[in-house]
Amino acid sequence: MIVSGPAVVWRRNASQGAVRSFDEAFAIVRADLAALAAGNPVFSAHLEMLDDTMLCDAVQEGISSGLAPLDALDAARDGIVAMFEGIDDEYLKARADDVRDVFGRLREAMAGEASGGVEQMPRGSILVAEELLPSDTTRLDFKSLGGILCHKGSSTSHVCIISRAKGVPIQVGVDISGISEGDTVQVDDPLAGCLQSIASRARASGLKVYVNAANLDEIRSGIEAGAEGVGIFRTEFLFLNRSSVPSREEHAAIYKEALLSCGGRPLALRTMDIGGDKQLPYLPVQAEDNPFLGLRGIRFSLLHTHIFIPQLEGALDAARSVRDIHPEWFEGGSPLHLIIPMVSCAVEILQVRDILGWLAPDYRSLLELGIMIETPAAVLDAPALAAESDFFSVGTNDLTQYIMAADRGEAAVAYLYDSFAPAVFKALQLTVAAAHDAKIPVGICGEMASDPRATGILIDLGFDSLSLSRLEPIQ
Amino acid sequence: MKSAEVILGAPTGLHARPASELVKLVKGLEGSRVTITCGERSVNAASMLSLLSLGIKSGTSLTVSVDGGEEDAALEAVTGFIESIKE
């Protein structure tokens, strides 16, 4: 999608001298961060950094040694950033960005830079910026933005993810030095705005169009935008950033709300996909050398049943209480679909069925049970797995990584990570054939479903549904 | 001043969440100044940035020193906490 509009050039640190003292700026930033931190762990970490004695000490030291306040601030930032970047640990190196962000806020407050310009932009403007940090994105009014041009950043950086999720086209890596305020500029973003056309094409061929969701808001906005259901409801948000195991009641309340938001349309709830790459404070797990081949998905759930069973109980409770309110939603089968992640053999499905049968002998009337197809083992043994499943859902991101044995985050082998590779295509063929032989539906989620180049292929392969990363409301 | 040695057992080293809990613990120890020494560097344990900047890896031996306040109790609390970090 290419959009054009008048440029609004956003420059950080527009003024030369400080208009506020460090202490005044500190108080302003502290109040801002405290408000943001309430719902967001990134900003609560930033707040902690701000409160850190090291930060204040470093700035005060610079000021008392005779530096101008803004220079003292920059010197303190450079010192702390260098310290983090010097650490031989990728995780800690990445914290340097958080340090920059916190100092960026302080600098803006001290320099008195007005961010009002961004809020009062005429509708359809193209925001032109050298770099946009996570904190900047919280102040942008995405509704009035026509697009974003940015010099620094990659297509997977925070600002791109946020911007596309808000439906705003963004192009990064653009030389912005020659652009002046008011110039007409273009944003070329092949990934923006195409989801609605994918949805129309899929519907025209008789496929159902679902939406992916990772929280209740995304369910509501997807259904509002016309999705025929939720193709994958990721439930990890319930498990992370907390200090205790989520209870049956917590699960039930969220899932009931999710089912009600879907209004009788299918809700495919993926059970927890936790593994060695995510740490839970209430479950110390051993770090693994190779977490993607380790204890994750259903393997983790079957080992840690004290975490898994409350989730299943919550799902059953939610289905029961929704059925009491809307028995008509259950007439053609339950709208609640449970998806088990990382299945590699039929026994795993049977074990989940055993647990469900033990929790609720009538569970088959409360939910349908399907599996993610994301391991080569699941593809190769798909007929056996189909015999135990009510539906299949293909997760192309993990499937591509495992079939090609290539980590897409590893630059040297990223060329192999290709969902259009012949081997991945054959895997999709085998999966669809096994599902249809067993007369169960097969859907696709993962990035491939939202890629306009794949739509025709997926329709031809015979998929019954596509689950898109999001749906724009029909204009 | 009291000090003791302790080994960090956390498999992925000292990361932000446990570091922030350690800072909370240290800030709650009234009248005690807690210093952590790793190799040649010593930092104030009430500063998360300083703690993280040490880049402490799993299995590293640290020296915890407590100056002022209830030194014995504070030392025991801090070393006990570091030993208990499992994430």
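Q: By how much are A:Asp97 and A:Arg100 separated in helix α5 of chain A?
A: About one helical turn, since they sit three residues apart in α5 (residues 90-111). Helices here are DSSP runs of H or I with at least four residues, strands are E runs with at least two, and both are numbered from the N terminus.

Q: What are we looking at, and how's the numbering done?
A: It's a predicted model, where local features need pLDDT of at least 70, side-chain atom pairs count only at pLDDT 80 or more, and totals for chains, interfaces and linings use all residues. Residues are numbered from 1 along each chain as its sequence is written, chains are lettered from A and ligands numbered from 1 in the order in which they are written, and side-chain values use heavy atoms, with hydrogens and water left out.

Q: OK, back to that pair. How do the side chains of A:Asp97 and A:Arg100 meet?
A: In a salt bridge, 2.8 Å from N to O. That term needs a side-chain nitrogen of Lys or Arg within 4 Å of a carboxyl oxygen of Asp or Glu.

Q: Is A:Arg100 buried, exposed or partly exposed?
A: Partly exposed, with a relative accessible area of 33%. Buried is under 20%, exposed is over 50%, and partly exposed is in between (1.4 Å probe, protein chains only).

Q: How many salt bridges over all chains?
A: 20.

Q: What does A:Arg248 pair with?
A: One partner is A:Glu313, in a salt bridge at 3.5 Å, N to O. That pair links distant parts of the chain, 65 residues apart, with A:Arg248 in α11 and A:Glu313 in α13 (residues 305-325) of chain A. A:Asp317 also meets A:Arg248, at 2.6 Å.

Q: Which residues are linked in a network of salt bridges?
A: A:Glu236, A:Arg270, A:Asp273, A:Arg296 and A:Asp398. A:Glu236 is buried at 8% relative accessibility and lies in the loop between β7 (230-234) and α11 (248-262). The side chain of A:Glu236 also reaches the backbone nitrogen of A:Asp273 at 2.7 Å.

Q: Switching to the interface. How many residues of chain B are in contact with chain A?
A: 21 residues of chain B are in contact with 21 of chain A, where contact means heavy atoms within 4.5 Å.

Q: What's the buried area between them?
A: About 1700 Å², with 62% from carbon and sulfur atoms. B:His15, B:Arg17 and B:Leu49 supply 30% of what chain B buries, more than any other three residues. Buried area is the accessible area (1.4 Å probe) that two parts lose on being put together, summed over both.

Q: Which elements of chain B each supply at least two residues of the side that touches chain A?
A: α1 (16-27), β3 (41-44) and α2 (48-53). The largest share, five residues, comes from α2(B).

Q: And what's in chain B overall?
A: Three helices and four strands, running β-α-β-β-α-β-α from the N terminus on. Of its 87 residues, 52% count as buried.

Methods:
Polar contact = N/O pair within 3.5 Å; in protein donor to acceptor, adjacent residues only side chain to side chain.
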